[in-house]
Amino acid sequence: MPFAEKIRRAARERARRAATQLVHRGWGVVREAGAISAERPGPLRFAELGAFTKLAFPQGTIFNEQAIAVGCYCIIGERVSVSAGFAPGLQLGPEPIVRIGDGCVIGRDSNIVGHQSIVIEDNVWTGPSVYISDQNHSYDDPTLPIGKQWPRNESVRIGAGSWIGTGAVILPGADIGRNVVVAANAVVRGTVPDHSVVAGAPAKPVRRWTEAEGWQPPIRTAPPRPIPEGITHEQLVALIGWDLRLPTEAAGADGAKDSDPDPVS
């Protein structure tokens with residue numbers, strides 16, 4: 001290959017690399033600038049938007065945010081749609097229709113669509129592509145298109161500390177207890193008791209915890225290694241990367257430090 005051609009190829013390769021770096025750096029700047037938080041809400045005016053909560057950019061469809069309340073220390077992933085009502089510009093009353101508690105994580109591409117009441121309590125985490133709605137189409141009249149029939153609403157609650165797996169669907173009327181695991185692609189309706197694992201479509205309990213018997217059937221995998229004794233809270237934050245405590249828990253811990261001269265955080 002002629003020397004001049006080698007020079008041209010090397011120059012083109014350097015230019016392609018520089019362009020790739022420029023695009024990624026530029027997209028990083030756009031993502032940071034487009035993220036929504038209480039300090040930088042952009043055009044959105046939520047009923048509540050807690051401190052240290054961030055809605056990643058690009059956001060999904062968000063309308064009637066005046067009827068949506070989001071707690072503090074939440075992470076709302078990219079392309080997550082959160083809406084109240086069935087169309088923008090509705091007057092939905094003084095109380096929020098969609099409530100997301102403190103410390104929640106909503107996975108990317110998820111959809112939360114509220115019309116009557118959706119309550120997601122503290123520390124609920126979801127995988128990507130989860131769908132939560134409190135409204136179903138009705139099909140009572142066989143002569144009328146289903147999309148034109150008046151829908152049915154039933155309130156939805158997801159209890160504190162629960163985990164909703166990838167692709168799960170939470171249907172109207174679902175009342176999910178505390179620390180519940182909803183398996184990937186499960187379809188949940190009705191009441192789910194505390195400390196249980198549900199799977200399938202429709203979802204059914206496959207494991208349950210009670211104080212008397214523990215987990216039944218027993219968990220087959222080994223438990224995670226316990227936190228080493230004597231590790232401080234600051235060391236744990238450094239290991240994980242962020243503070244998992246809610247502000248009320250942090251305040252309690254700070255109070256304990258004031259009263260205990262040698263605490264184990």
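Where is Tyr73 found? Tyr73 lies in the loop between strand 4 and strand 5 (75-76), where helices (H or I, at least four residues) and strands (E, at least two) are DSSP runs numbered from the N terminus. The model is predicted, so that local features need pLDDT of at least 70 and side-chain atom pairs count only at pLDDT 80 or more, while totals for chains, interfaces and linings use all residues. Residues are numbered from 1 along each chain as its sequence is written, and side-chain values use heavy atoms, with hydrogens and water left out.

Phi of Tyr73 is near 60°, a positive value in a residue other than glycine. Tyr73 is partly exposed, with a relative accessible area of 31%; buried stands for under 20% relative accessible area, exposed for over 50%, and partly exposed for values in between (1.4 Å probe, protein chains only). A positive phi is also found at Asn185, where the angle is near 65° and the residue is again other than glycine. Asn185 belongs to the loop between strand 19 (181-182) and strand 20 (187-188). Asn185 counts as exposed because its relative accessibility is 56%.

The loop between strand 1 (48-49) and strand 2 (54-55) contains Thr53. With a relative accessible area of 2%, Thr53 is buried. Its side chain reaches the backbone nitrogen of Tyr73 at 3.2 Å, and the side chain of Thr53 also reaches the backbone nitrogen of Cys74 at 3.0 Å. Such a polar contact is a pair of N or O atoms within 3.5 Å; within protein, one must be able to donate a hydrogen and the other to accept it, and residues adjacent in sequence count only if both atoms are side-chain atoms. Apart from residues up to four places away in sequence, Thr53 touches Ile36, Ser37, Ala38, Val70, Gly71, Cys72, Tyr73 and Cys74, contact being defined as heavy atoms within 4.5 Å.

Ala51 is placed in the loop between strand 1 and strand 2. Ala51 counts as partly exposed because its relative accessibility is 37%. When neighbours within four places in sequence are left aside, Ala51 is in contact with Cys72 and Tyr73. From C-alpha to C-alpha, Ala51 and Val80 are 19 Å apart in space, and they are 29 residues apart in sequence.

Strand pairing was examined next. Strands of a sheet pair through backbone hydrogen bonds, either parallel or antiparallel. Two strands are taken to pair if DSSP finds at least two bridges between them. An open sheet of seven strands, with parallel pairing, has the order 1-4-7-10-15-18-21. Its edge strands are strand 1 and strand 21 (191-192), each of which pairs on one side only. Two bridges link strand 1 with strand 4 (residues 68-70) in the parallel sense, and Glu48 stands opposite Ala69 in strand 4.

Strand 3 (residues 62-63) is paired with strand 6 in the parallel sense over two bridges, and the bridge partner of Phe63 in strand 6 is Ser83. Four bridges join strand 6 to strand 9 (residues 111-114), and these two strands run parallel. In strand 9, Ile112 is the residue that Val82 stands opposite. In a regular strand the side chains alternate between the two faces of the sheet. Both faces of strand 6 are covered: Ser81 and Ser83 on one side, and Val82 and Ala84 on the other, are all buried.

Empty space inside the model was also examined. Rolling a probe the size of a water molecule over the atoms shows where empty space is left. On a 1 Å grid over the protein atoms alone, a cavity is a set of points where a 1.4 Å probe fits but cannot get out, and lining residues have an atom within 4 Å of a point. Grid points are joined across faces, edges and corners, and a volume is the space filled by probe spheres set on the points. The structure holds one cavity of 30 Å³ or more, and the largest cavity has a volume of about 30 Å³. Phe46, Leu55, Ile68, Val70, Ile76, Val82 and Ile100 line the largest cavity. By class, this lining has seven nonpolar, no polar and no charged residues, where Ala, Val, Leu, Ile, Met, Phe, Trp, Tyr, Cys and Pro count as nonpolar, Asp, Glu, Lys and Arg as charged, and the others, Gly among them, as polar.

Definitions and conventions
1 Å grid on protein atoms, 1.4 Å probe; cavity = no way out; pocket = protein on both sides within 12 Å on 5 of 7 lines; lining within 4 Å.
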